[in-house]
Amino acid sequence: MEPTTTIHHHAPPSSFIRKYIFSTDHKIIGLQYYFLALVAAFIGMGLSLLMRIKLAWPTETWPTLAALFPEGFAGGQMKPEFYLAMLTMHGTIMVFFVLTTAPQGGFGNYFLPMQIGAADMAFPVLNMLSFWFTFVGFVVLMAAFFVTGGAPISGWTGYPPLSALGQIAGPGLGLGQDLWVISIAIFCVASLLGALNFISTMLNMRTKGLDLFKLPLTCWAWFTTAVLALLAFPVLLAGGVLLLLDRNAGSSFFLPEGLIVSGKVINRSGGSPILWQHLFWYFGHPEVYIAILPGMGATSQILATFARKPVYGYRAMVIAIFAIGLLGFFVWGHHMFVSGMSPFSGLAFSVITLTIGIPSAIKTFNWLGTLWGGRIRFTSAMLFSIGFVSLFVSGGVTGMVLGQSSLDLFYHDTYFVVGHFHMIMGVAAIFAMFAGTYYWFPKMFGRMMHEGLGRLHFWLSFIGVYAIFVPMHILGVMGHPRRYAQSTAYEFLGSALPLHEFITVAAIIMALGQFIFLFNLFWSMKKGAKAPDNPWEATTLEWATSSPPPFDNFGGRQLVVHHGPYEYSVPGAPKDYIMQTDPPLAVAKH
């Protein structure tokens, strides 16, 4: 399929506000998304450490924390309600404003136009609005910490009836819960605007010669992610509106008849909390792939670059990306095996869920095939990409366990699930973000990151992840329930305390490792060695311009593509890589 438009121009900014604040330049917007996600990630990490301290040392008093959070640490110990608020906000921040924002909004905005040879996204103003909707959504969510009653306690899934009842159901469920719903609704609107832009840009703005099967796998991943967002976020948006009506307009979409709260019968009838679960997980499972598909694309790109080999089975990888995205819409029911669904429905969802293992295995084997026999350069970006593959496999194996309804019935509300989804959805995607940062940093800022600090950051993160989340699987096998603030309340959990202490110490060490990354990031922006245009000897179009790129990306040039995206070590070629813009060569093809 040939592009219908090859290049897009709009005037460069003329003031600081238009250049850096309300910018329509996709590169600035990409950086705005990236740094918003960075702030959100450190807030989310801080909340998780507070939870870990409570779980590891439940009877200790913390005077300093009591001074910082007088309502949450009454008497020096964390109140269970405060723990649940931390849990809710940690999950919401990390899922929406980190895992969804950075891989697509950050890297996708910055590099999709460059990798297709365009000057900008298809709709620059819409792009700007998408970021600012996201920013406003984040501010509204953060405001929940400071309102009367505090942040919500209904979890990042916002399950009714708890989330639909209002303040009568407990602290945080008044204005704090309203702000949570409004924040998610705003985020949905932002994601829809962004998705339309990504789809239109990739289909219409590719440069001359860049047909669909010459696109880097990153572009395919961003495109598929945009399609998923376009189909999934409207459902969550509709669910959020209905939840807001239940909370404030007396409707009863999610509230059943005869509900008794605090000794009072709630005057509602006709609704069902299960309806919310259907709506939420119809969005929620594609969301897993919205978070991780861009990471798969970046990993494919980086493995090929530093193995000095073409991606093994390029077309199979494209098909696998689409297959994973498509199947992601048919498996939401596996999150509801314990909701009382028919065993036949459970069997159907189980079979489809396990089917996702096929395209996932294709991608994994192709990554291994790309590495096999390669002349590997162990840069920080390469290490984090290999770490991504490791975590994807480890988390995927436990996913096959949870995809079976008979096993999920036991594991569903245990730490086994926490360990599983953190490995495959959380830290695997974050490893890909780190890989992308180390890989594209020279292009974005014109300087190199410090490789020694990068490797130290990798090893602290890689060992830390396994030290944290493998023991969580053991906790799950023991039957340790998730979401519980007070594990000492149950005698059979007494033996789990040393594991909690081990996990928490590992989490603190790994968190310190993230400050090494933060230092490296900002230090390298100012003091890093000057980056050449193509420091990694890569092949795709973003490396065919200066570092950092000019306003219109390619200095007014219209690129012409003659090669595929991963032509490394081509027999007979004068060097071990052929850029997509290099003239046609009379060499053998792989």
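Set aside the neighbours within four places in sequence, and Arg 308 is in contact (heavy atoms within 4.5 Å) with Arg 375, Arg 377, Trp 536, Glu 537, Tyr 568, Ser 569, Asp 576 and Tyr 577. This is a predicted model: local features need pLDDT of at least 70, side-chain atom pairs count only at pLDDT 80 or more, and totals for chains, interfaces and linings use all residues. Residues are numbered from 1 along each chain as its sequence is written, and side-chain values use heavy atoms, with hydrogens and water left out.

**Exercise 1.** Describe the largest cavity: what is its volume, and which element gives the most to its lining?

*Solution.* Start with the term. On a 1 Å grid over the protein atoms alone, a cavity is a set of points where a 1.4 Å probe fits but cannot get out; lining residues have an atom within 4 Å of a point. Volume is the space filled by probe spheres set on the points, which are joined across faces, edges and corners. The structure holds four cavities of 30 Å³ or more. The largest has about 190 Å³. Its lining has 19 residues, with Thr 100, Gln 104, Gly 105, Ser 191 and Gly 194 nearest the centre. Two or more residues each come from α5 (101-115), α6 (124-143), α8 (175-204) and α9 (217-248). α8 gives the most, six residues.

**Exercise 2.** Which element supplies the largest share of the lining of the second largest cavity?

*Solution.* This cavity has a volume of about 60 Å³. α5, α10 (273-307) and α16 (415-445) each supply at least two lining residues. The largest share, five residues, comes from α16. Among the lining residues are Phe 107, Gly 295, Ala 429 and Ala 432.

**Exercise 3.** Which residues does Phe 388 contact?

*Solution.* Leave aside neighbours within four places in sequence. Phe 388 is then in contact with Ile 292, Gly 295, Met 296, Thr 299, Trp 367, Ala 428, Ala 429, Phe 431 and Ala 432. Gly 295, Ala 429 and Ala 432 also line the second largest cavity.

Key: On a 1 Å grid over the protein atoms alone, a cavity is a set of points where a 1.4 Å probe fits but cannot get out, and a pocket is an open set with protein on both sides within 12 Å along at least five of seven lines; lining residues have an atom within 4 Å of a point. Helices (H or I, at least four residues) and strands (E, at least two) are DSSP runs, numbered from the N terminus.
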